Amino acid sequence: MTNIAQARIKREFKEVVKSDEVAACNITLELVDDKYNELIGKIAGPPDTPYAEGTFCLEIRIPETYPFNPPIVKFLTKIWHPNISSVTGAICLDILKDQWAAAMTLRTVLLSLQALLAAAEPDDPQDAVVAQQYKENYSIFEKTAKHWTAVYAGGPKSCPELDSKITSLKNMGFDENQARAALSSKGWDIERATEYLIN
Amino acid sequence: MKVKIKSNWTAVASWRWIANDENCGICRMPFDGCCPDCKLPGDDCPLVWGQCSHCFHIHCIVKWLNSQQVHQLCPMCRQEWKFKE
Amino acid sequence: MQFVTCYVFYSFIFCYFFTGEEKSPLCEGCTIDIDDCTCQDIIDTFHSVNRQLDEMGILERLSGAAVTSIVHNQIQRYINTTCKGNFETSYIDHLEKWLDTKVLGWLNSIYAGEKNQCSISAFRGRLLHFLFETYAHARIEQLFAIVIDYPESEPAILDLKTCLEKTNLRALLMTSLRKELEDRLLHPGVNTTDILLAYISAIRSLRVLDPAGVILEIVSEPVRKYLRSREDTVRCIVLCLTEEGSNELLDELIKGQPLILEDDTCSDQEEGDWETWMPDPVDADPSSTSKSRRGSDIISMLVNIYGSKELFVNEYRTLLTDRILSQFNCDMERELRYLEMLKLRFGESQLHYCEVMLKDIADSKRINSRIVQEMDNAGQKMDIDINALILSAQFWPSFREEKITLPTEMQKSLEEYTKKFEALKGNRTLNWKPHLGMMKIEVEHKGTMLNFSVSPVHAAIIMKFQTQSRWDVEELSGVLQMSVSALRRKITYWQSQGLLKEEVPDTFVLVDEVKGQGHEVVMAEDESESAMTSAYQQREEELQVFWTYIVAMLTNLESLPLDRIHTMLRMFAVQGPSSSGEVSQQELKGFLDRQIKDQKLVYVSGVYRLPK
């Protein structure tokens, strides 16, 4: 890693550790090793959203050209969100692409991601299925997102009805995660989900 | 009693850049130090100002501008970057 | 009974046998005048008795124990008288020769019979071993002195090395020297420098004694531990390294090897000649690497007392700062030379800060002459000539910040200089540090002229007494906008110069008459205090200010428990712009304990009071 990238990450790391957000447990940043090119970030799901009380882990990779290019960030925790791939965790956020500026930091990135959880942009989707659900049937979207938060991000248990639907698919011999993904994309309609899984 | 100052006062001062921030927004090192690629502060690693009034180590902003293919924007405010005369 | 008789008899003969070295008029055997002596007859009888005993086959049985004992005693005596106190000569060969000629010669004359020859040569082996052992014991007893005398004492060390190979005294040597070092060096009465010098001697001499470095490592362990606990160790080492004139450490530095720190872990790949390779001795500590023991030089060893280059380099930086700020025109060439040497040793990046510091000095000189020249060209002149030392703050140790408002004329000059600087170096400005620096002032009081070189703060204080000869401390601290504690500290200088006195507590007045007449030049080494005093010292100074309060309290109230003193101090200390008024009860207790040690305070049944 080049001199500037490493030096900057070191300073940023110290800044984040001392910041108010860390004190309030909203964001955290951990080094994966002592090479400063890979970090794990964690953000708390914003209150009054389907992500409330969940903790979401992010993989942050620092390119050689940092800070002239943005860090490469994706969700490690599975999440149901129009701008985040429910399969890969890839994020669609302008500041991580063409809107990146060298004055931004890992702290601002984490805060922006937190803001993204609170205010999705379904018109610029990363996950088209989720975005469509968000626009066409918000209540199902909300229920699904909450369910995912409970299962993957340690959020509060939400809807037993969804759990039982997954159990019935599991009893048919499907993998739990696949069953959940299929049900989520098919508006929790067991028949359509089964059909989707079989094909 | 009268006190008279005779010549040759050895006075000690530290210099600093007149900037609106302490650290360079790009490398996040103190302005009064130098950018990560330099060894000596001051004349050898000067600051430059943009018309938007933001300033950076010259070596840092040049690297940033070179990395921008389309528009050259200030890393702080994202206005078009123009060096202040 | 048999042994004693034999012993006396043979011992007498031995003495006789050994005569002839010194020409004495008396016989060594019977101490009678040689002419009247009958020893020769006795010897003849002796030999014939021996012969007859031998023929009967009982000579060995009868005399063996006594002869051995005599020979041992003689060896001990000989070694003690010959070698004691002289470490600059090797005795091994001499002793061996002595054993062969004298001792064995005597034995041969006793056991002259043919069949005894073989047992004599076996006896020789045992005696030689005894000789080495005795000699080693004698050297080990004096090893501390030998170590200190190194390199003059190298022959003694080499002898000891030979002895160690032939005897089993390694463990004894280590315990004994370790204890000796502890007893002689490791107590408060010995200067850190002396301990360091002894340690250096130990490193050098024990390296010769045991190239694997194990003895050194084990023996000097308490020394290292003790040096770590001394506050001034790093400072002493750095001073030794950078002091003018030749010294051992400097020679080491010039050798310029890179540092080998204990945490370097490439030791599995032993370099060097495999043919001369020796395994580590069995008593080596397996947790430290053989390379660190064998390879590192003295400077590395010293740095390893702490195990950190950073600490060392920081101390050097502090000393450099002190030198620059107390002399102002330090010998740049010399400093640069040292810096280059240290860079070879400690690495470029560690000393980068110091490089910038020295560059600041050179730059300041250039800026000063530019500004003076420009003013000359414009036909201007500053009221007070300023020679500025302009520092790159990020690279210097952090200075104690002391706020003060300087008198207008001084302030004006600084502002003028700042303007010139700003014009010269666009977009940059200066932050002055009035408590640093030095100025010459002339004080004229009732016809007496006095010259002083003082810091601007000192000058500002005495100037305030021009218009008003009596100041309350609080009031003066308000006018100068400096903390009471700092003000008091600075005023002591003028008190010591006999210009000010504390007439009633907290009120300072100008004296009526200055003692000492004429044009006296007094140099004020700004209380000889370091400009960037350590946090510890700074705290100590603050506590000293508290001490005046405590004395006042105890004078009025006679005795007080700790918590009362603490509460009252907090009330006092919060007033005034003093930097950190807070003091914890724990810290206060520590401070009061030190006052008790200095006999300035008494602690009886839970309360403190002043001694009567």
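**Exercise 1.** Determine how many salt bridges link chain C and chain B, and describe one of them.

*Solution.* The count between the two chains is 4 salt bridges, where a salt bridge is a side-chain nitrogen of Lys or Arg within 4 Å of a carboxyl oxygen of Asp or Glu. One example joins the side chains of C:Arg428 and B:Asp43, at 2.8 Å from N to O.

The model is predicted: local features need pLDDT of at least 70, side-chain atom pairs count only at pLDDT 80 or more, and totals for chains, interfaces and linings use all residues. Side-chain values use heavy atoms, without hydrogens and water, residues are numbered from 1 along each chain as its sequence is written, and chains are lettered from A and ligands numbered from 1 in the order in which they are written.

**Exercise 2.** State how many residues of each chain take part in the contact, and what area is buried.

*Solution.* First, chain C gives 49 residues and chain B gives 29 residues, contact being heavy atoms within 4.5 Å. Next, the buried area is about 3900 Å², with 60% from carbon and sulfur atoms; this is the accessible area (1.4 Å probe) that two parts lose on being put together, summed over both. Finally, C:Asn427, C:Arg428 and C:Glu442 supply 16% of the area that chain C buries against chain B, more than any other three residues.

**Exercise 3.** Identify the strand of chain B that pairs with β1(C), and the sense of the pairing.

*Solution.* Strand β2 (residues 9-17) of chain B pairs with β1(C) in the parallel sense over 6 bridges. Strands are DSSP runs (E, at least two residues), numbered from the N terminus, and two of them pair if DSSP finds at least two bridges between them. Within β1(C), C:Ala388 stands opposite B:Ala11.

Note on methods: Helices (H or I, at least four residues) and strands (E, at least two) are DSSP runs, numbered from the N terminus.
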